[in-house]
Amino acid sequence: MTALLSQTWFIALMSVTLIGAVLAAVHHAEVIAHRTGEPYGTLVLSISVTIIEVSLIISMMLTGHEGSQFIARDAVFATVMIVINGVIGLCIFVGGLTHHEMTFRNEGTNSALAVLTALATFILVMPIVTISTPGPDFTKSQLAFAGIASFALYIAFLFFQTVSHRDYYLPTAEDKKTDINFHALKPSNSKTAISALLLLLSLVTVVGLAELLSPAIERGVEAAGAPKTIVGIAIALLVLLPEGFAAVRAAKANRLQSSLNLALGSALASIGLTIPTVAAIAIFFNLPLSLGISDLNMTLMYLSFFIGALTLAIGRTTLLQGVVHIIIFLEYLFLSLVP
């Protein structure tokens, strides 16, 4: 396998297979979403991808390679930046080109962004400012508390999203009129069950191929002389492909509410599920885990949250807002290469 991974034709074949798996995952996720309705459908894809992402991070941590203590930090931070700026920006931009202006329920998206800001601060910023340990690290007790607090906050958000205020995450009546999927017949239980199994298989394939491609990515990064954090960004991009593709397709079909549910839901699950699990594994196996981000990344993250809050404030978006988010995303990518 090692010899094959050095062959250009094999890397190209895996890349094509990865794209096919992404398309399959998006299709089966949309079948499930159409059967269950919002916001449960988008929740299925977000949590499925996150669970597999957790498995990927833990497997890399347990190998104990150099820099493995930074894998969770790099993956989570990259996910937040890719979602807030890359995915949401592209959704608003693509939708704005076609529909000029799109609407959504700002009550739900603002709540999701508030929870995401709190989670990101707990995990990525607090290790920098605590004084019990030197450097960007938690003590074991701090790590345990941060993991429990993150999980509790994510569960509270799920209850808010799916039970107490579910209507905040449903499309507006005006959007339902133009939503073809909303008026189409729902798939049968058997078709939904088959799609659920095939979705899981597709997601396992995506993450498995991402893990196989990671050595080739690492070699490319080393050959280019780029920082090692680029590896984490590349892996996060690969893992987020199904969600990102599904979100952009929904925005193009004038279903921005679904796009935002999917994008913000994936970022929330990435912290609310990944960090508690990784923290438990790190404490149990006594593995090193460093979560604090640099001042540069902290500045970019809070700029993203501030602009995101302005974008989601009024419940309407235009092309310009998409451009702003995309430019911030490109700034993030450039400064990751040239910090």
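So, what covers the buried residues of H13? The cover includes H3, H4, strand S2 (316-318) and helix H14 (319-337). By "covers" I'm talking about contact, meaning heavy atoms within 4.5 Å. Helices here are DSSP runs of H or I with at least four residues, strands are runs of E with at least two, and both are numbered from the N terminus.

Quick caveat: this is a predicted model, where local features need pLDDT of at least 70 and side-chain atom pairs count only at pLDDT 80 or more, while totals for chains, interfaces and linings use all residues. Residues are numbered from 1 along each chain as its sequence is written, and side-chain values use heavy atoms, with hydrogens and water left out.

Back to H13, residues 295-311. Its buried residues are Asn297, Met298, Leu300, Met301, Ser304, Phe305, Ile307, Gly308 and Thr311. Buried means under 20% relative accessible area, with exposed over 50% and partly exposed in between, using a 1.4 Å probe and protein chains only. As for length, 17 residues at 1.5 Å a residue should span 24 Å, and the end C-alpha atoms of H13 are 24 Å apart, which agrees. That expected span is 1.5 Å times one less than the number of residues.

Now two of those covering helices. H3 (residues 71-99) and H4 pack with their axes 12 Å apart, at an angle of about 155°. That makes H3 roughly antiparallel to H4. Axes are lines fitted to C-alpha atoms, for helices over the stretch in contact, and angles run from 0 to 180 degrees between N-to-C directions. Under 35 degrees counts as roughly parallel, over 145 as roughly antiparallel, 65 to 115 as roughly perpendicular, and the rest as oblique. On the H3 side we have Arg73, Val76, Phe77, Val80 and Ile84, meeting Leu113, Leu116 and Leu124 in H4. The residues of this contact split into 7 nonpolar, no polar and 1 charged.

And what about H4 with H11? Their axes, for residues 106-129 and 256-272, come within 10 Å and cross at roughly 20°. So H4 is roughly parallel to H11. Among the H4 residues meeting H11 are Thr109, Leu116 and Ile123, and the contact residues divide into 11 nonpolar, 3 polar and no charged.

Last stop, H10, residues 241-252. Its buried residues include Pro242, Glu243 and Gly244. After H10 comes asparagine 254, with a positive phi near 65°.

Note on methods
Ala, Val, Leu, Ile, Met, Phe, Trp, Tyr, Cys and Pro count as nonpolar, Asp, Glu, Lys and Arg as charged, and the others, Gly among them, as polar.
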